[in-house]
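Here are a few friendly notes to read alongside the model. Have a look at it first, and then we can go through the points together.

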Amino acid sequence: MLLIKNAHIYTITNGEIINGDILIKDGKIAEIKEEIIADAEIIDAEGLNVFPGLIDCHSHLGGMNFAQNTAIDDCNEMTNSLTPQMNIKYGTDPQSEDFEFAYKSGITSLGLTPGSGNLLCGLACAVKTFGDNIFDMIIKDPFALKVAFGGNPKGVYAPRNQAPYTRMSMPTMILELFEKAKKYDNDKKEAKNKNEALPEYDAQLEALIPVLNKELPLKIHCTQFDMLSAMEVANTLDVKYSLEHVWGATKYIDELIEGKADVVFGPIGSRKTYGEGRIIDIESVKTLDEKGVLVALTADSPIIGIDTLIHHVGEAVRNGVSYDRAIRMITINAAKIMGLEDRIGSIEVGKDADIAIFKGLPGFDANSNAVYTIINGKVIYKSN
Amino acid sequence: MKLIKNGRVHIGNGKVLENTDILIDKDKIIRIDKDIENDCEIIDAKGKDIFPGFIDPISQYGCIDTTFSIKDTDELSDPITPEANIVYSFNDEEIMDERLFEVGITTIGAAPGNKNILGGQMAVFSTCGTNSLKMKLKDKVSVKGSASIVVKDTYGSKQRFPMTRMGVFTKLEELFETSKRNIEKEEKDEKQKVIEKILNKEMPLFMHVKTEAEINAIMHIAKKYDIKLVICGAYEAHKCLKQIKEQNIGVIIGEQNFLNVKAYRGTDLNKISSIMDNGNLMSFSISTDYGVEGKVVYLWNAMAFYKEGVEAERVVEMMTLNPAKMLGMEDSIGSIEVQKRADLVIYEGHPITHYSAKTFMTIIGGEIVYKRGEQNASN
């Protein structure tokens, strides 16, 4: 058992406890009270701020690595633009030092996702940031199917004179494959009813069935006007979805609300360029949040460092989001987008004991630092 | 004239003056004092923090365009182009897209990129204006070169020289040795003339070097030829402290977030910053190995030093007076002092200590170029 004493607790979902204790038992949060007495290992958190472990629900850690001069990319299987069956868990190297950077920054869970080189990119998995074996780190597999609109798939396939050559063909390509999946699923069901042989197993189409059954959301890379295409496709298919990156959201607030989109905004910080990089409007998360859209933030790491997730919260704050709302964007909101709000994202009894103890307030004080990181009830990092 | 009233004035040299007024006439600061009375335009800075305009000492803004089609920073016809001059690449329209002054960056050291061993001469530009010439503050301030992996990636991959680190440094040594022997000659080409200016310390040499081995090698050559050296990128500079201090090397730490470079290199920002106690010049940049990051990242880089334990006012020095000195511009910019250029940024909150800090106003050459919530002169 582990007992965190005298902490300023940001529960996220039930307000703040100015001076309270948290008891951890069997990897879960067992009790939260003003004062707990128990025969447990004690962490004195006097003067420190206690948060649920932080979450980036859109990350490529372990799948891309720029530590060496020859960069590694194991998250874009760019030999076919439609690879929904690819699973990121097989592209992820848990030995990547990026995971260590993550938990040292208080980040305890990630939504690992394939890259955006393909139109249907593959399956995303939720993992904890600490462990030697990716299969032990997984908490939800899969949690979404990654889709990419816009310049990335085009940039890969157009030079090969293959589809998608332009944005024009993208929605149709996706819808057609889903149509095939529907038929395949029907054929399977009918074969079962009639006790006949099943159609030949098709891994590509199998991956789409949980999406059609609303068990698996789409996680759609899009910016600016591409978000309209993304929402149209998702709504045509009548499936669950979140929109990823979402640069240029300011112009499409009404459509995002009407489409009931969940939004994962980021990364920010690159210079103004052309096309998709023309506008990076972190200020849009303020309006979206106020209007009831579920918003999370992403650093899209390791394109930029995973610790910049905290800078993203800071920039939301700079742009007028209250601290309490901003910190939700890397805790409970990110958990909800992955369908994991019953396990992570807040400090509540019964949830996983993933806890980050900070000096100062991350995303408010520039010199805030993680002092302890706890995953599944174990202290995995303590700063000197 | 403009009078800024009652601000907390961060001079740029580590000192802070509370409740102080700044009087500006045309493009110059003419008086800094308490309770200045003047019947001119008043800017109320009560409770606000005033800094000298921030300086990024090595930047490609203005010399690369937003579509990435124009890259006028690397003259790849030859890895040795000291005679090239960045002035001819600087386009006011391109730098204005990023609006660097919105976070308070008022000046850049426009620099050739990291692909040539000697890439060309740097110049100093203001970040706001409608005319490249009028934005230029000083020409030929230094020579920018590179000995990092970017050079051999560029040439070696095309089976051209240099293909190795050995090639890069041997060539540099040969260049300085040859130029030294040719000083007395009557006929000199442009390359020779520029390299001579490095040898006689008219211009410092700014070199992009990342690893400990690269840093040690360039310091070795700088010592041998008695060259004024500033290292850029310098992600492993904390491993070379003794030599950096002994040779009084300037250090510009490169951008720290892109491709996670600081974390992979383990750059110890607190340790490297200790060279300032020795009198070394120290700054940082949003230049990466291959380009530049956006303006907000300038603040993230400043915060990173503070987070690792460097005092906020020390970080301010890295953003103002130190880079001004590196560029040989300390007589006109880099601190809030009488007779210096009125390049100022006024913040609500302290941008190094808190994310909630917002730019209230930016003044360049005495003109208000940005005021939060207003469309203004700069457009």
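How are H4(A) and H7(A) oriented to each other: roughly parallel, or roughly perpendicular?

This is a predicted model, in which local features need pLDDT of at least 70, side-chain atom pairs count only at pLDDT 80 or more, and totals for chains, interfaces and linings use all residues. Residues are numbered from 1 along each chain as its sequence is written, while chains are lettered from A and ligands numbered from 1 in the order in which they are written.

1. The helix pair. In chain A, the axes of helix H4 (residues 170-193) and helix H7 (residues 226-237) come within 10 Å and cross at roughly 20 degrees. Axes here are lines fitted to C-alpha atoms, for helices over the stretch in contact, with angles from 0 to 180 degrees between N-to-C directions. H4(A) and H7(A) are therefore roughly parallel to each other, a label for angles under 35 degrees. Helices (H or I, at least four residues) and strands (E, at least two) are DSSP runs, numbered from the N terminus.

2. Who meets whom. On the H4(A) side are Met170(A), Pro171(A), Ile174(A), Leu175(A) and Phe178(A), and they meet Ser229(A), Glu232(A), Val233(A), Thr236(A) and Leu237(A) in H7(A). By class, the residues of this contact are seven nonpolar, two polar and one charged. Contact requires C-beta atoms, placed from the backbone, within 7 Å. Ala, Val, Leu, Ile, Met, Phe, Trp, Tyr, Cys and Pro count as nonpolar, Asp, Glu, Lys and Arg as charged, and the others, Gly among them, as polar.

3. Between the chains. Here 29 residues of chain A are in contact with 26 residues of chain B. Helix H1 (97-104) and helix H10 (308-318) of chain A each supply at least two residues of the chain A side, and the largest share, six residues, comes from H10(A). That side divides into eleven nonpolar, twelve polar and six charged residues.

4. Domains of chain A. An automatic or database domain assignment sets the bounds: domain 1 of chain A is 1-52 + 346-384 and domain 2 is 54-344. Their C-alpha centres lie 30 Å apart, and the contact takes 21 residues from domain 1 and 21 residues from domain 2. The domain 1 side has 13 nonpolar, five polar and three charged residues.

5. Domains of chain B. Chain B has domain 1 (2-51 + 337-371) and domain 2 (52-326), with 29 Å between their centres, taken over C-alpha atoms. Their contact takes 19 residues from domain 1 and 23 residues from domain 2.

Conventions. Parallel < 35°, antiparallel > 145°, perpendicular 65-115°, else oblique. Contact = placed C-beta atoms within 7 Å.
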